[in-house]
Every structure is written in C-alpha cells, then in structure tokens.
There are 2 protein chains.
Amino acid sequence: MKKVTIAGGGVLGTQIAFMNAYNGNDTTIWLRSEGSIGRMEPKMKWVHDAVMADLEAAKKNPALVPAGFKTDEPFDADQAIQKAEEALKAIKITLDLAEAAKDADVIIEAVSEDPQDKIEFYNKLKPNLEEKTLLLTNSSSMLPSAFAKYTGDPSRYLAMHFANHIWKENLVEIMSQPETSKEAFDEAVAYAHSIGMDPVELHKEKAGYLLNSMLIPFLMAAQDLYVTEVASPEDIDKAWKKGTGAPRGPFEILDIVGLPTARNINHQFVNIPDEVAPFHYKLIEKQLDKMIANGETFYGKKK
Amino acid sequence: MKKVTIAGGGVLGTQIAFMNAYNGNDTTIWLRSEGSIGRMEPKMKWVHDAVMADLEAAKKNPALVPAGFKTDEPFDADQAIQKAEEALKAIKITLDLAEAAKDADVIIEAVSEDPQDKIEFYNKLKPNLEEKTLLLTNSSSMLPSAFAKYTGDPSRYLAMHFANHIWKENLVEIMSQPETSKEAFDEAVAYAHSIGMDPVELHKEKAGYLLNSMLIPFLMAAQDLYVTEVASPEDIDKAWKKGTGAPRGPFEILDIVGLPTARNINHQFVNIPDEVAPFHYKLIEKQLDKMIANGETFYGKKK
C-alpha cells in the first residue's frame, strides 16, 4: 500500500484517483480551492456511474471485463462492484498541499493543461516534496523537460500519460525527460502495473508520445485525401478498415477526438510553407472550420 | 456473362482470372510468350490450393467464409468448392492478343510493374482494342495518366487496384485519370461488384491510392520513433493496438509488407532535406539496410 496524491480533480485526475483507491493505495486528491471541490463532484459522479455500468455489463457478459480490472485471479463482478464503491468513498480530498505531499510515495500532477498553472503547482510543491516521492505529470501536450527545473528533484520526475476511461483503456505512456533516473523510470513502470495499467516505455522525450505521434500523420493523410477531393470520408474509412482490419477508420476517429481538437492539432502545421508541407494543412483547416461553424461531424449533423 | 481478358499471369493476374471465372465470366489470360505459360503454372496451382484451403476451412466454420465468396444467398461450401474447381479449368490461355481482345468487355492489364513493358503492351493492344472495351490497369505504383495516351481511348481507361488474396481481401481501389469518362468509371465500379469485390472510389489520381497514402506516413511515423530510440517496436505496436483497437501494429505490418519493399518506399523520400523532412528517412534507410543485410525482420531472425 502506497500513499498516492493526485493534484487536480478533472476528468483524468478523478479516474486516476479511483484506480489508485481500487488497488488499495491510500489516495488523496489535492485541490487548489473550495471552488475546485464543487467542480470535481460531477466528475466523480460520472466516474462512479461509468465504472458501475461497465461492471454491471461485465457481470452479464464476462467477455466485457474492463482491462484495468483483470488480474491473475478469476474476475468476480460482485466483489469488484463492492470494491469500486468502497474505493470511491475512500478517496480523501484536501486543499492542504503540505498534508497531501507528506510521506507521499507518488504524486501525480493532473492540473489544468496550462503551463502557468503547472509551474505554480510545482513551485508550491517544492518545499513539501520528500526525497522518496516519485513525481509524475499527466500532461498530454507539454514536455516534462519544460517543468523539470521547478520540481526540486528532476531525477525523480517524468511523464505518465493516461488515456480517458483508464479502467478499460488502460494504456499508459511512460516518458522520461533527460534528467530522469533509470531507477525512477523503472519505479514508474512498476507503479503503473500496480494500479491496473498496461504501460509502454518512452526512453526519450517525444511530443505526442507514441500513440499521437502515429495517429496525427495518419489522420492528416486521411483528411488530405478528402480535402483534395480524391475520395469521400466513407470510402477512405472503408479502405483503411478493410485494408488493415482496424475497427475504426480515420474519420470515425476524428469524430471521437472532436473536430475542435483536430483543428487545434492541424493549426500547429498551418504555417509550414506549401512547397515543403507533406499535407494540405490550410485546406484541412478551412474544411474543419466550416464544419465546426455548422456544428457538423463527419458522420452526422450533430454528435 | 462478360468476356474478360487479363493480360499477365503473375500473382495477381491469376487471382483476378480466377474470380472472373468463378463469377461466370468468359475469362482469358493473355501471355507474352511460351515461357510465360510455364512461369504461370505454379502461380495458378498456388491460387487453387489457397482457395481450396480457405473453402475447406469455411466448410467447417461458417464464420470463415471468404469475403469475395459471400452473396445474398446462404453460403454452400460444397457448391463453392465445385464452382472453384470448374472456374480454374475454364480459364483460357492465349498468346494471341488479337484473339484475346476480340469482343472483350473488360481487359485488365496486369503485366509486370515496368513502364516499358506496360507501354509495349498498350501499343500492341491499341489496333485490337474495341470501342466497347473497358481497359483497366492493376498497377500499384504507377499512375494511369502516364499510360493513357498509349491506350487508344483514354476515356475508357482507368486503374483498378486489387489486394493480394483477392477472394478474401476483396477491397479494390478504383481510380480515374483526368480523361476517364464518368460512364467508364461507373462501369468499373459495377464490374468490381460483379466479381465479388468491394470497391472504393478515387475520383482523382493519387499515388498510393487510399490505403497506401495513409499506411505510408503511419509506418514512417512508427519507424521514426524506433530509429530515434524513443521506444521499441514491441511498445510502439502495443501503443497502436491498445490505443486504436487495430489487430496489428506498424512493425507487424512492416514484416508482412517485407523489409525490402519498406526500404524501397522509404528510399523515395531519402533526399528530402533534413530541415523540412517530417521523418528521419536517412536513419530509417540505414536501419532497414542493416536488417535486410542480416536477414532480420522485426519479429524474428528470419520469417
């Protein structure tokens, strides 16, 4: 049993706290203000309801046991439901960072995806951070090296990126920054396993980690085929699914990602000169802007 | 029942001929020389054995009915086996192009992937080509516009790209060139359906069609992560499979594609200046060259 503190009670912070408590860790969520407590409550309720729905489904159909709940022992749905209810009740909430950091084995920074908020948190944590504590950031879009100097001990600081619905989509991408020690990296991998996650290891920093580093050029190539009027989203998706056996085509994935997010990712590339750009980023932006303005998705007027 | 001629008796030519004969078309393979007949025989035997093995498997397990054999009627394995045996016997072979082209509804050019061989074929075909004939090229790496002027009637000339094992991987990519008529395009789509294929439509020329246009940047991104020492092929594959639900990761796909083919594709990009290249093509080439020289694949010393 470890003491684990999650900084931030957002969509992922609440899910990470839940999986820690479910796996027997002494789990605390640190929040910045009273207001944050109120904002967290509906997120925690959503985690409860989503987990319970998945466990009830697994009770009826054992093929549906969420990956994060699988262990070497046979799955017992009733026991899992009881454990999940208890776990959600066992999560502690505090506004006191000194208390949250005291004796912590692991602290996971899951504050808002704003560099100033992250730096403010690390500065506040620094005087309270103990030598033994492993400090992890869940940032999806920023590199840990950008924050290492604010943490106090860069050798025990690295990234651990969770997917949404972590109890079933239990891939975590563990990424070191140049100053991370091998020991801290290995500890992070073992810790990920201990809370039901299935980690992959990035031994160098890479924006987008592994999954998005592959998804982004793939989704760009697909959108390029559409905006240059080669083929329809339906036929492009069909070619991908039939050709590779994948369950979803690129435009189905784009609808799940959300067009505003797709638009923001594409926007990073829009100033690459046309002569050297591998894809028609400007045309893609134009297409996405038009669809967003009209409230459209690729497979339906509104989601 | 259509008269269909396939020019070329290679790996795909034989499969295309088989699916035409299986679906009741009067099917002829045209070959350039006596020597070509001898070279074709083992390929035709391979088609026979592979199709029969798949049909025997489908007889035991109806979930395994190859996609190209599915119709609106319930699948009858014994009937399909008999039909397949008859189809293979019904395929005619000729060295006489005038005879092969006479009264043909469809001619599919599946000669070797060498532009000179293709031009030579089109020049020889031209005086024999009838007005009604739809002329299709199965070229995977060349654009039909490069050959349109040699065909006699560019308005009835376009590309139809088959995948390997066409009786089960029945995706075909149908691609027009600038002079293709809408009528010819629509005929090609209907013809594809009539021989058990499931077509996608490309209304503009695009090197790589739809599938390879997406696969190539995706496979490059994956190889880039490996050659820059971010992660292992195993972890990169795991991230892709867990993150997207795909049955195979990029390095598993590269082993199927074959490293020499992957190397040739990458080689096209190797002279893009480093400052603007989206991936480390030179490092990728070095890695593939080393593995090819050692007879290695990503998942085993030798396949």
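**Helix packing, interface and salt bridges**

In this predicted model, helix H9 (residues 250-257) of chain B packs against helix H10 (residues 259-267) of chain B at an angle of about 105°, and their axes are 6 Å apart. Angles of 65 to 115 degrees count as roughly perpendicular, and H9(B) and H10(B) are therefore roughly perpendicular to each other. On the H9(B) side the contact is made by B:Leu254, B:Asp255 and B:Val257, which meet B:Leu259, B:Thr261 and B:Ala262 in H10(B). By class, the residues of this contact are 4 nonpolar, 1 polar and 1 charged.

The next topic is the interface of the two chains. Here 43 residues of chain A are in contact with 43 residues of chain B. The size of an interface is often given as the accessible area lost when the parts come together. For chain A and chain B the buried area is about 3600 Å², with 69% of it on carbon and sulfur atoms. Within chain A, the residues that lose the most area to chain B are A:Met214, A:Val230 and A:Lys242, which together account for 19% of what that side buries.

Polar interactions also cross this interface. The rule finds 16 residue pairs in polar contact between chain A and chain B, counting pairs with both residues at pLDDT 80 or more. Strand E8 (198-202), helix H7 (211-227) and helix H8 (233-244) of chain A each supply at least two residues of the side that touches chain B. H7(A) gives the most to that side, with 10 residues. Sorted by class, the side of chain A that touches chain B has 25 nonpolar, 7 polar and 11 charged residues.

How many salt bridges does the rule find across the interface of chain A and chain B? There are 6. A:Asp198 forms a salt bridge with B:Lys242, where the closest N and O atoms are 3.2 Å apart.

Over all chains, the count of salt bridges comes to 40 by this rule. In chain A, the side chains of A:Lys182 and A:Asp186 meet in a salt bridge with an N to O distance of 2.5 Å. A:Lys182 and A:Asp186 are separated by about one helical turn because they are 4 residues apart in helix H6 (residues 182-194) of chain A.

Methods: Residues are numbered from 1 along each chain as its sequence is written. Chains are lettered from A and ligands numbered from 1 in the order in which they are written. This is a predicted model: local features need pLDDT of at least 70, side-chain atom pairs count only at pLDDT 80 or more; totals for chains, interfaces and linings use all residues. Side-chain values use heavy atoms; hydrogens and water are left out. Contact means heavy atoms within 4.5 Å. Buried area is the accessible area (1.4 Å probe) that two parts lose on being put together, summed over both. A salt bridge is a side-chain nitrogen of Lys or Arg within 4 Å of a carboxyl oxygen of Asp or Glu. A polar contact is a pair of N or O atoms within 3.5 Å; within protein, one must be able to donate a hydrogen and the other to accept it, and residues adjacent in sequence count only if both atoms are side-chain atoms. Ala, Val, Leu, Ile, Met, Phe, Trp, Tyr, Cys and Pro count as nonpolar, Asp, Glu, Lys and Arg as charged, and the others, Gly among them, as polar. Axes are lines fitted to C-alpha atoms, for helices over the stretch in contact, and angles run from 0 to 180 degrees between N-to-C directions. Angles under 35 degrees count as roughly parallel, over 145 as roughly antiparallel, 65 to 115 as roughly perpendicular and the rest as oblique.
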